[in-house]
Amino acid sequence: MSTVLRLPAASLAKAAPTPRAAPAGPRLALLGTGTVGKAFVARCERLRGQGVTVPAFAWLSNSRALVAGDEDPCGAVERARAAPAREGAWPPWVENESLRCGDVVVDATASESVAGWHSEWLARGIHVVTANKLGNGGELARAQAIAAARGERGARYGDAATVGAGLPLLRSIRELVAGGDRILAVEGILSGSLAWLFDRYDDSRPFSDLVREARASGYTEPDPRLDLSGEDVRRKLLILARAAGLPLEAHAVRGDSLLPPALAAASVGAADALLPSLDAPLRERFRLAHRQGARLRFVARFDEAGAELGLRALPVAHPLCAGGGTDNLVAITSCRYRDQPLVIRGPGAGAEVTAAALLDDVLQVARAAA
């Protein structure tokens, strides 16, 4: 069960900012000012400049600072990013009690502690829009708490950005299930970063060089080991399976990590220097696949018998070799699509497409509240 941190009421009251006149409609509170959070704010401002009605920012926050964002959201992002490290037990957003029923928390983090608050916010009638996979893709008890909390106050949970960066994967599965269909299997390329890496890797450059390039381009998580370990794919597979009605536990997904033991165990600061330890094992797997006329792809699958993920050598003509770049390519087999699976393909990584998926969910909440 997820744990929610609670502070004494006196502490919360002391930390609350001076109230302003309440604007009509929902307000936004952004958690996370990294690549995705910054792209989200920039996209909000571009749409406002085009005349689109976008909810105002109440505040923006990271682990170091909480900044009012109602007048200059882009400037607020930069001030939060430039803030010094914070002392104290709690991140600044924990001490803020300004959110009200109907507001929208946008979670652009990959934080376990933030994901632990999703059900709490929903139970208070605060909508949650998230790119954080640790809500529905973490422990099963947390995902079940989120599902239960959504019904308590009618708050919405927008999670399209958690899988496929907004591709209609989750929506398609949920609509099929709601229409009485039964999902028999889902198989595909769920990681845009791993898709990009294995699409580009041809043994002409060390694999570790490509990993660094993917990180610099915003395709991987800030710590690329989350992608290389398969953990990011595991979370996405759990989200899809649970949407299909399979209450999978996180430990039930079988799979092998790409990480050598020393790289997997290294601290964040030491990990980059150990990335070259990837090169020899992946060169060997690439050359073996090349001799067989195959391509390496990181594939995830679940069906009624279980779930698994890992690096596979697939024939060039295999449907999962059809994608390029950061494309996700997913085949959904159901009672309706038993003979010919429903295939969904499109870009599955990058700050811009993830930010667009977050904003799409925010605008859906705003339209429903109008």
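The UniProt annotation "binding site", from an unreviewed entry, covers Thr109 and Lys133; positions follow the numbering used here, feature names are shortened, and such annotations may be inferred rather than shown by experiment. The two residues are spread over 25 residues of sequence but cluster in space, with a largest C-alpha distance of 9.1 Å. Thr109 and Lys133 both belong to the lining of the largest pocket. A pocket is an open set of points on a 1 Å grid over the protein atoms alone, where a 1.4 Å probe fits, with protein on both sides within 12 Å along at least five of seven lines; lining residues have an atom within 4 Å of a point.

The model is predicted: local features need pLDDT of at least 70, side-chain atom pairs count only at pLDDT 80 or more, and totals for chains, interfaces and linings use all residues. Residues are numbered from 1 along each chain as its sequence is written, and side-chain values use heavy atoms, without hydrogens and water.

Thr109 lies in the loop between β4 (104-107) and α4 (112-115). Strands (E, at least two residues) and helices (H or I, at least four) are DSSP runs, numbered from the N terminus. Leaving aside neighbours within four places in sequence, Thr109 contacts Leu31, Gly32, Val114, Ala131 and Asn132 (heavy atoms within 4.5 Å).

Lys133 sits in the loop between β5 and α6 (140-153). Lys133 counts as buried because its relative accessibility is 12%, under the 20% limit (1.4 Å probe, protein chains only; exposed is over 50%, partly exposed in between). Beyond neighbours within four places in sequence, its contacts include Glu221, Asp232 and Arg235.
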